[in-house]
Structure formats: structure tokens, C-alpha cells
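Colleague: I have a structure open and would like to go through it with you. Could you take my questions one by one?

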Amino acid sequence: MDAVVWRNRAMVLFDRIPLPVAVCDAYGVVRLANAALAAEWGTTPGRLKDRALLDLFSPRDGTQVDRIVEALRLRRRSRYTVAVTWCGADGTHRSGELMVDPVSERPHALPDLLVMVRVTGEAAPDRAPGPAAAPLHPTEERILALLAAGATTARAARETGLTADGVTYHLRRLSQRWGAANRTELVARAYAAGVLEPGVWPPRPRSAGPTP
């Protein structure tokens, strides 16, 4: 019983840390996220679980990630930093650092990663990006809505009747059109451009009309 109480207290403290923090497995998949990190994406901590951290943040230099992979292979336990950029749910473009600490209770096991996010710069969201002026195809809007709800490529393909390659093609085309570095930024830009209706769940295209 005491262990459960202390675990619950630790989770409350973790969630109240003002700095965005996540606990990931050795492959960078989120196990736990606190409220500050979830707020960056306009969601809840639970919805970030099982997301790949590098789907959320774009490294400026891939060699920094390679250095961490090599350190984990050699069982090193130093702190490592990765310079990243990302676009938050409010459309603001941010730059910063991921501060990565390998942590493990067993010296020979693959460690978990304690990751803290430090914001170093911000840029206002694009007010009217040129590509957003042209309407999207309804299929593209549907794919974006599914993506915003956390759908995988396979699920988006099933829901839209496309192949996985077809979905990937549309996502690549949209990313090039809006200059999005990853899927999270693509969803943020879809909201900023007015393609997705804000304040509703599950996400839906604005062109679908008002929520019944």
C-alpha cells in the first residue's frame, strides 16, 4: 500500500513540473509525459503515450541522435543534448534542446530516457501561408483529421480506402506544400490554416460543416 501511495505522489509531482518532461524507452518511444509537454501539442499526457519523440521534435543535427544511440550501446550514462525545432499546437515555431539522461535500475539493461525540453527561441505562427490559400482535396482533409486523432498510416488507409503508399503520398505532398518537418507540425499547420475545426473531438475538417 505504501508503495502505491508513494508512486501516486511521484506521478503528481512529475505532472506538476513546469518544464516539459517525458520518460521514453531506449528507442525514444514515450512512456510518460507531463502536462507541460502535452500542452505543447494541445493534448493530454495520455495521448502522447507510445508516440515516437522524434515524430514530435525535429533534430537539427542527426549526428547528435547517433551519438546517443552509440552511448546507449556502450552503456554510458552521461547527459546528452539534441538541438531541435518544432511547431506547437498554437502554430508557434519553436527551437530548443532535448536534454537526455539515460536512467536504469539495472546496470546491464537497456535504460529508459529521461528527456527534458528547453525552449531557446520562438517565432510567431505564419498568418497566411501561401499554400493554405488553395483548398485541399476532401481526401487530404480526411487524412489530416485522422492524423490529428492519432491514427497510424495503416488506419488512415483503411478509413479512406487508400493504400498505405497512397496515404504516404498525400502526407508527403502536404508536408512539401506547407514546409512541415514532421506529422505533428503538419497537423498544427492544418489547424493554423483553418483546415481542421478547432475545439472539437474527434478532429474533423472545417468543410464538413458545424458539429451536430
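This is a predicted model: local features need pLDDT of at least 70, side-chain atom pairs count only at pLDDT 80 or more; totals for chains, interfaces and linings use all residues.

Colleague: Which residues of α9 are buried?

Modeller: They are Thr184, Glu185, Leu186, Val187, Ala188, Arg189 and Ala190. Buried means under 20% relative accessible area, exposed over 50%, and partly exposed in between, with a 1.4 Å probe and protein chains only. Helices (H or I, at least four residues) and strands (E, at least two) are DSSP runs, numbered from the N terminus.

Colleague: And what does that say about the helix as a whole?

Modeller: Helix α9 covers residues 183–192, and seven of its 10 residues are buried, so it is largely enclosed by the rest of the structure.

Colleague: What covers the buried residues of α9?

Modeller: The cover includes the helices α4 (53–56), α6 (138–148) and α8 (164–178), together with the strands β4 (80–87) and β5 (93–103).

Colleague: Which residue caps the N-terminal end of α9?

Modeller: Asn182 does, with a side-chain oxygen 3.2 Å from the backbone nitrogen of Thr184. After the helix comes Gly194, which has a positive phi, near 80 degrees.

Colleague: New topic: how many salt bridges does a search of the whole structure find?

Modeller: The search finds 11. A salt bridge is a side-chain nitrogen of Lys or Arg within 4 Å of a carboxyl oxygen of Asp or Glu. One of them joins Glu185 and Arg189, with the closest N and O atoms 3.2 Å apart. These two residues are four apart in helix α9, about one helical turn, and both are buried.

Colleague: Which residue forms a salt bridge with Arg118?

Modeller: Glu97 does, and the closest N and O atoms are 2.9 Å apart. Arg118 is in strand β6 (residues 112–123) and Glu97 in strand β5, so the pair ties together parts 21 residues apart in sequence. Arg118 is partly exposed at 37% relative accessible area, and Glu97 is also partly exposed, at 25%.

Colleague: What about Arg173 and Glu140: how far apart are the closest N and O atoms?

Modeller: They are 2.1 Å apart in this salt bridge. The pair links distant parts of the chain, with Arg173 in helix α8 and Glu140 in helix α6, 33 residues apart. Arg173 is partly exposed at 36% relative accessibility, whereas Glu140 is buried at 3%.

Notes. Residues are numbered from 1 along each chain as its sequence is written. Side-chain values use heavy atoms; hydrogens and water are left out. Contact means heavy atoms within 4.5 Å. A polar contact is a pair of N or O atoms within 3.5 Å; within protein, one must be able to donate a hydrogen and the other to accept it, and residues adjacent in sequence count only if both atoms are side-chain atoms.
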